[in-house]
Amino acid sequence: MKKIDRTKLTLGIAAPVLAIVAALLITSVIILATGKDPLHAYAVMVDFGSKSDSQVWIINKAVPYYLSALAVAIGFRMNLFNIGVDGQYRIAAFFAAVVGGALTLPGFLQIPLIIIVAMLVGSVWAGIAGVLKTTRGVSEVITTIMLNSIAAAVIGYFLQEGRLAVKDGNLFHTPDLPASSHFFTIPTQPDPLDGFLVVAAVVGVAYWFVLGRTRFGFDLRTVGRSESAAQAGGVSVKRMVITSMLLSGAAAGLIGMPTLLGVSYNYGTDFPVGIGFTGIAIALLGRNHPLGMAAGALLWGFLERTGTQLEFEDYEQEIVGVMQGVIVLCVVIAYEVVRRYGLRIQQRKVGEELAAQARKTDKAEVSA
Amino acid sequence: MSEGGALHRPALAPSLRGECAITASSSPPAERAPAAAPAVELRGITKRFPGVVANHDIGITVRRGTVHALVGENGAGKSTLMKILYGMQKPDEGTIAIDGEQVSFASPADAIARGIGMVHQHFMLADNLTVLENIVLGAEKLHGIGAAARKAVLEVSDRYGLNVRPDVLVEDLGVADRQRVEILKVLYRGARTLILDEPTAVLVPQEVDALFDNLRELKAEGLTVLFISHKLGEVLSVADDITVIRRGTTVASVVPGETTPKQLAELMVGSELPSPETRESTVTDTPMLTVDGLHLSATDPDGVARAVLDGIGFTIHKGEVLGIAGVEGNGQAELVEAIMGMRDPDGGTITLDGADISHAPTRKRREDGIGYVPEDRHRHGLLLEAPLWENRILGHVTEKPNSRGRLLDLKAARADTERIVTEYDVRTPGIEVTAASLSGGNQQKLIVGREMSHHPKLLIAAHPTRGVDVGAQAQIWDQIREARREGLAVLLISADLDELIGLSDTLRVMFRGRLVADADPATITPEELGSAMTGAASGHLEHAEDGAETGGGAAE
C-alpha cells in the first residue's frame with residue numbers, strides 16, 4: 001500500500017518535471033537554430049517576469065485563462081471536447097454587456113445580473129451542441145466549432161450602429177456599463193489585482209468539490225471513463241451530456257467577465273478573442289486538475305508577458321508561440337508516458353505480491 | 001519417431017513439412033515411447049508479467065505426436081506460458097527447446113518459422129473475406145494467392161479432415177467452422193506444433209466432439225497439439241499427457257488413464273473440488289420477476305429492423321434460479337439489457353416484486369434491488385483505470401454507504417471496499433490499485449461482492465464465472481446459492497452448461513430471440529441441452545430417447 005502511494009507521488013512529480021526539462025531542451029535547440037543564446041533568453045524572461053508589475057499583469061491575465069480552462073475541463077472530464085468555449089464566452093459577454101449597458105441598477109444587483117446573463121447565454125450556446133449530440137448523434141466537436149462561427153456572425157450583426165452598438169471613433173461597442181457595475185479590485189503595488197481572481201478561485205474550488213465529492217460528479221466522471229459502464233451503472237448518459245455541456249457553457253460565460261466588468265466596461269470590436277482556445281491548451285497542461293490548471297494559466301501569462309521583452313532583446317517574436325506549443329506537446333506526451341509506465345508498474349507490483357503470497361501458501365501445501 | 005524429430009529442422013520449406021507429415025503417419029505415433037528429442041521442452045521458465053501471477057520455474061516436456069493438455073485455473077499462468085512459447089513474451093529466465101534444439105523467440109514470426117502455431121481463443125479472422133483469403137493473408141509468400149494457394153489449402157484440409165470450403169465468406173460461418181479455419185491457417189504456415197487456447201470455450205458439446213476428432217487426426221499425422229483448458233472432462237477424453245499449472249508453476253504431470261476429473265481439479269485448485277450442484281429446492285410461490293410478451297427490435301448493420309426479442313415470457317420466484325441456455329447471440333444479451341433498462345422494449349411488460357418497471361430508468365431498477373453481474377465486465381462492470389473503491393461505488397452511487405444525500409461518502413465507501421476485499425477474497429495489495437491491475441477472477445469477485453452488498457431481490461448473472469479460476473468459481477457459486485436460500489431470485493445466463501444445469505431450478509432455451517424450450521435441470525444432460533440450443537428441439541425437453549419431441553420446429 002505505502003509503496004504504491006510513494007510510487008504514485010514520485011510519478012506525479014516525474015511527469016511535469018520531465019515535461020519541463022524536455023520543453024526547455026527543445027526550445028533551446030530551436031533558439032540555437034535561430035543563432036541566438038537560449039540561456040540569455042531564459043535569464044531575460046525570469047528577470048522581467050519577476051518584476052512586481054509583471055506579476056500583477058500575469059495574474060490578471062491568468063484569471064480568464066483559468067476560467068476558460070475550467071470550462072474546457074468540465075467537458076474533458078466526461079470525454080466531451082467542447083472546442084466552442086471561444087464562441088460561448090464571446091456571445092455570453094456580448095449579451096451580458098448589452099443587458100448591463102441598458103440598465104442602471106445598484107451594483108449589488110446589476111453585477112450578479114450581468115454575470116448570470118453571461119452564464120445563461122453561454123449555457124444555451126453550449127447546450128445547442130449537447131442537444132444535437134443526444135438527439136441527432138452529431139459530434140460535439142463539429143457543432144461547437146460551427147457554433148463559434150455562428151456566434152461571431154451573430155455578434156457581428158448586432159454590433160452595428162442602430163442595432164445594439166454605438167460608434168466610438170472607428171470602433172463599435174455596446175453602451176458602457178454604469179459605474180455601479182464596475183467590479184472591485186484588490187489594491188496592490190504598482191497596479192491593482194482584478195477582483196475576479198476571487199471568483200476564479202471560488203469556481204476552481206467548486207469544480208474540485210462537485211467533481212470529486214458529489215454523486216453528480218461521480219456520475220460525470222464515470223461517463224468520462226466508460227460510457228458503457230456508466231449506462232449499466234444507471235447513469236443517463238444523454239442527460240449527462242446535456243448537463244455537462246450546460247455547465248461547461250456556464251463556466252465559459254464567466255471568461256469574458258473580468259474584461260467586461262474590470263477593463264473595457266463594454267463589448268466592442270476589440271474585445272479579446274481566442275481565450276477559449278487558450279483554455280484548451282491550459283486544460284491539457286493542467287491535466288484537468290484545478291491546481292494544475294491554475295499553474296498552467298499563470299505559466300501562460302508569464303510566457304506572454306515576458307515574450308514581449310524578448311523582442312526588445314532581438315529574439316524572434318514567434319518564439320513565445322513556439323514555446324507554448326512545445327510545452328503543451330511535452331506535457332501531453334510526458335503525462336501519457338508516465339501514466340502508462342505507472343499502470344505497468346502497478347500491475348507488475350500486484351502480480352508480484354500475489355505471486356509471493358501464492359508461493360508461500362503453495363509451499364505450505366506441498367510440505368503438508 | 002526419431003525421423004519426425006530429425007526432419008523438423010526449421011529450415012524446411014512448408015511443402016517439405018507436408019511430406020514429412022505423411023512419412024510420420026505411415027508409422028503410428030505416440031504409442032511407441034519416443035526416446036528422441038521431445039517436440040517442446042520448457043525448463044525453468046520464469047516470467048514476471050503484469051496483472052497475472054508470475055510464471056516461475058515451469059518445466060514441461062511435450063512428446064511429439066501427442067495431444068498435451070495444459071490445465072490450470074485462470075490466472076494460473078497458462079496463457080502467459082503459451083505466449084512465451086509463441087514468442088509473444090520473452091521469459092525472464094529459463095530455456096525453450098524445440099526438437100531438442102534450444103531456441104529464443106523474439107516474435108511470433110520466429111515461432112512460426114520453427115513450426116509453432118497458435119489458435120487464439122478469440123478468432124482473428126476478417127469477416128468480409130473468404131476462407132481462402134483469410135488463410136493466405138499474411139502468408140502470400142508461401143504459395144501466392146491464386147490457384148497454387150487454393151490447391152495447398154485444399155490439400156492441407158483434406159489431409160487433416162478439416163472439410164474447409166475455401167470460397168465461403170467467413171461471416172457466413174459458424175463458430176466451429178471458424179475455428180477450423182484458424183487451425184487450417186496455422187497448418188498452412190507449416191506448423192508442426194499447435195497451441196490451442198481454450199478451444200472449446202465457444203463450442204457446444206457436439207462441436208467439441210468434432211473438434212476432438214480433428215485433433216486426433218492431427219495427432220495421427222504426427223503433429224503435436226498443446227491444448228489449454230480448464231474443462232477437465234474434455235481434457236481427460238482427448239489428452240495423452242496432462243500438465244497441471246497452479247499459481248504460476250507446474251505442480252504435476254499426469255496421465256489421463258491414472259486420474260479422475262476430481263483429482264485433477266484438486267491438483268489445479270490445491271484443495272477440494274467445488275461443484276455447481278444445488279439440489280435442495282428453495283423455490284417459493286412469490287413471483288419476483290415476471291416478464292410477459294417482451295418484444296424488442298433492433299436495426300442490424302444492414303439497416304434491416306428485426307426482432308431480437310420476440311414474445312419472451314417467464315417468471316422467476318423468490319429463491320429460484322432460472323437458467324437460460326443458448327448459443328451466444330440469440331438474444332440473451334438483449335434480454336438482460338431490457339431487464340436492466342439499458343434498452344427500452346417496444347412491447348411487453350417487466351414486473352419486479354409487483355411493480356411495473358418496463359420503462360423505468362436503470363438507476364431506479366438498481367435502487368429497487370436488481371443486482372447485475374454483466375457478461376462483459378470490462379465494458380459494463382468496471383472502470384478499469386479507476387481505483388477499486390471507485391469501482392465499488394459504480395452503479396450504486398445513490399445508495400449507502402457510498403453517499404449521503406447528494407454527497408459522496410468517500411470514507412465509508414473506502415471502508416466498505418476493504419470489507420468486500422476481505423469477505424469476497426479479492427486478491428489485491430490494496431484498494432487504491434486500479435481495477436485493470438487485478439486478474440479476471442479477482443475483478444469478478446469484486447463485482448459480485450459489490451452487487452451482493454446491496455442485498456438485491458433479483459440478481460442478473462450473465463456468464464458469472466467466465467474467465468474465472470476454479471477457486472473463484474466455487475466462491476461465486478456459493479454466494480449465489482446462499483443468496484438464493486435467503487430468497488434471492490436469479491436470472492442466470494451461461495455458456496457453461498454444467499454450471500447452468502448445476503445451479504438452475506428451471507431451465508429455458510433461447511433461440512433466435514425466443515424461448516423455445518424448457519427443461520428440468522435434474523434430468524437433462526449437457527448433450528440434450530446442447531442440441532436444443534442449435535434449434536433442433538423445442539417444447540419441454542424430456543430426458544430419454546424421445547428427448548427431442550419436435551425437430552426444427554423452432555427454427556424460424
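**Note on a predicted two-chain model**

1. In chain A, residues 111-132 are 100% helix and 0% strand, and the end C-alpha atoms of this span lie 32 Å apart. Helices here are DSSP runs of H or I with at least four residues, strands are runs of E with at least two, and both are numbered from the N terminus. Residues 55-76 of chain A are likewise 100% helix and 0% strand, with 30 Å between the end C-alpha atoms.

2. The model is predicted: local features need pLDDT of at least 70, side-chain atom pairs count only at pLDDT 80 or more, and totals for chains, interfaces and linings use all residues. Residues are numbered from 1 along each chain as its sequence is written, while chains are lettered from A and ligands numbered from 1 in the order in which they are written.

3. On confidence, the predictor gives the complex an ipTM of 0.82 and a pTM of 0.72. The average pLDDT (the predictor's confidence in each residue, from 0 to 100) of chain B is 79, and 85% of its residues score at least 70. Two stretches of chain B call for caution. Residues 1-34 of chain B stay under 50 in pLDDT, and the model has 49 contacts for them beyond four places in sequence. A contact here means that the C-beta atoms of two residues, placed from the backbone, lie within 7 Å. Residues 545-556 of chain B also have a pLDDT below 50, with 22 contacts in the model beyond near neighbours in sequence.

4. Chain A contains 14 helices and four strands, and its C-alpha trace spans about 95 × 55 × 35 Å along the principal axes. Of its 368 residues, 45% are buried. A residue is buried if 20 or more other C-beta atoms lie within 10 Å of its own, exposed if 12 or fewer, and partly exposed in between, with C-beta atoms placed from the backbone. Among contacts in chain A between residues at least 6 apart in sequence, 76% join residues at least 24 apart.

5. Chain A is divided into domain 1 (1-36 + 319-353) and domain 2 (60-314), with bounds from an automatic or database domain assignment. The C-alpha centres of these two domains of chain A are 29 Å apart. Nine residues from domain 1 of chain A and nine residues from domain 2 of chain A make up the contact between them.

6. Helix H12 (residues 275-285) of chain A has 10 of its 11 residues buried, so it is largely enclosed by the rest of the structure. The buried residues of H12(A) include Ile275(A), Gly276(A), Ile280(A) and Leu285(A). H12(A) is followed by Arg287(A), which has a positive phi near 50 degrees.

7. Thr222(A) belongs to helix H8 (residues 215-225) of chain A. Thr222(A) counts as buried because it has 26 C-beta neighbours inside 10 Å. Not counting residues up to four places away in sequence, Thr222(A) touches Ala229(A), Ala230(A), Gly233(A) and Val235(A), and also Leu383(B) and Leu394(B) of the other chain. Thr222(A) and Pro272(A), 50 residues apart in sequence, are 35 Å apart in space, C-alpha to C-alpha.

8. Chain B has 20 helices and 24 strands, and 51% of its 556 residues are buried. Of the contacts in chain B with a separation of 6 or more, 69% come from residues 24 or more positions apart.

9. The largest nonpolar core has 254 residues, among which Tyr66(A), Leu194(B) and Ile460(B) touch the most other members. Such a core is a set of buried Ala, Val, Leu, Ile, Met, Phe, Trp, Tyr and Cys residues joined through C-beta atoms within 7 Å. Helix H3 (residues 52-77) of chain A gives the most to this core, with 13 residues. Beyond four places in sequence, the contacts of Leu194(B) include Gly117(B), Val119(B), Ile183(B) and Leu218(B).

10. Gly313(B) lies in strand S12 (residues 305-317) of chain B. Gly313(B) is exposed, with 12 other C-beta atoms within 10 Å. Leaving aside neighbours within four places in sequence, Gly313(B) is in contact with Val291(B), Asp292(B), Gly293(B) and Leu294(B).
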